[in-house]
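Please open the model in your viewer and keep the selection panel at hand. The stops below are meant to be taken in order.

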Amino acid sequence: MQCAMELQLSSTFLSSSTSSPYLMIVPKEHINQQKAQFLSIKSSSLIPESTSGGLQKSSKKDLSRLLRTEAAIIGIERKANSQKYTNLWPKAVLEALDDSIKQNRWDSALKIFGLLRKQHWYEPRCHTYAKLLVMLGKCKQPNQASLLFEIMLADGLQPTLDVYTALVSAYGLSGLLDEALHTIDDMKSVSNCKPDVYTYSILIKCCTKFRRFDMIEYILAEMAYLGIECTSVTYNTLIDGYGKAKLFELMESSLSDMIESETASPDVFTLNSVIGSYGSCGKLEIMEKWFEKFQVMGIKPDVMTFNILIKSYGRAGMYQKMESVLDFMRNRFYSPTVVTYNIIIEIFGKAGLIMNMEEFFLQMKHQGVKPTSFTYCSLVSAYGRAGLLERVDSIMRQVENSDVVLDTPFFNCIISAYGQAGDIERMVALFLEMKVRKCKPDYITFSTMIQAYNSQGMIEAANDLKSKMITACESNEMIRS
């Protein structure tokens, strides 16, 4: 471990046409400063003016706030590249760091944190390190988390329980469960840092996420040996994890333990996990049985509960029961949310029941519930499959006059609809619009367009797009699955 280690940035440009830096914490003496490269993306003339203008509408207030935040972060980042800024205004640096952490921009956060450590007024705090470690865990950057932990030790700080738990989470969320366990072992040897139920609950959640159920029995045995009793959060994590993996015996066994426990009680989250696990795989009778049991326990359902029931019945084609749940909600003064309507619209759309889908879409708007990108995506997909391209155009006009923030799945749906209809020019225009809006394409985007080109006999264009897909993947300009 080197005490002189500093947080710096190393930028590797993988393509001459795009700048996509990979940022990491490395020893200061190994850094060669590189100038940032910026590219301007120009809109193609293929994009119709009405489409381009309409798609770029958004809330002016939110946009202004985002631009101010972005400018502040960029301004501080630029200063981090210089050695002369060592007495900056604390508020500016700390706010920029906090904004980067909130936005999970780990590269910017580490760069700004490096600048923070150079300030004359800087005092190392475990709380700051804990926040950074939590962020790095969410961003799946375990190597950065490990190096940051070493730098914290070099700063002369004694790790706290929060710091260690954040490091366990950083390893666990990236699937490095052995490293997470080793960290817990290290905690046991540090006074006032003994792992608690929250630490173990996080580790259990990571085990369920990566289907490492073999480790859970060992973790629970260790908790019992240390006298750490499971809480409702721990049991709910187990129940949800086992349920999603269709390990129903283990799920019900954990539920029984929870009911018998003196430190935990089933709640609405437990209810939703159990009925959701059975409903998702079509075991509707068992789902209904458990719904009734939880009612007897006095656990009241919430809107998410009804959404689960609606989705389960809809997937099974039991549309009458699905609408009965919706009526039950209204009679009990549960207001359907945008998620409720999105589920119903998607179910009818996938079933090809266009009239039913449109009925609930109109009902949604009459109730004052704003459609989302997912809503429009379901509508476009349904119309595309039914060959109703004129209604796709209608949806596009609605989107142009809304403040909906469009994402990659929506663009994939609309590109697919026009591609299937053979409207290659419009398809390409929308693909270019993604770049203008800095919305990264994914494998589905490229595959959809390649298929459309091939179906039109445009083999050369399809091969060219395949090359672009490889380049985009290498330069981090494509979302990877």
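The tour goes from the whole chain to a pocket, then to one serine, and ends with salt bridges.

This is a predicted model, in which local features need pLDDT of at least 70 and side-chain atom pairs count only at pLDDT 80 or more, while totals for chains, interfaces and linings use all residues. Residues are numbered from 1 along each chain as its sequence is written, and side-chain values use heavy atoms, with hydrogens and water left out.

Of the 481 residues, 46% count as buried, where buried means under 20% relative accessible area, exposed over 50% and partly exposed in between, with a 1.4 Å probe and protein chains only.

Next, select Ser 169, Leu 173, Ser 201, Ile 202 and Lys 205, which lie nearest the centre of the second largest pocket, itself lined by 25 residues. A pocket here is an open set of points on a 1 Å grid over the protein atoms alone, where a 1.4 Å probe fits, with protein on both sides within 12 Å along at least five of seven lines, and lining residues have an atom within 4 Å of a point. Helices H5 (126-138), H7 (161-173), H9 (197-209) and H11 (232-244) each supply at least two lining residues, and H9 gives the most, with seven.

Then move to Ser 254 in helix H12 (residues 248-260), which counts as buried because its relative accessibility is 8%. Leaving aside residues up to four places away in sequence, Ser 254 touches Tyr 235, Leu 238, Ile 239 and Tyr 242, a contact being heavy atoms within 4.5 Å.

For the last stops, display the salt bridges, each a side-chain nitrogen of Lys or Arg within 4 Å of a carboxyl oxygen of Asp or Glu; the count comes to 15. Select Arg 330 and Asp 327, whose closest N and O atoms are 3.9 Å apart; because these residues are three apart in helix H16 (residues 319-331), about one helical turn separates them. Go on to Glu 358 and Arg 391, which meet in a salt bridge at 2.7 Å, N to O. This pair links distant parts of the chain, with Glu 358 in helix H18 (residues 354-366) and Arg 391 in helix H20 (residues 389-400), 33 residues apart.

Key: Helices (H or I, at least four residues) and strands (E, at least two) are DSSP runs, numbered from the N terminus.
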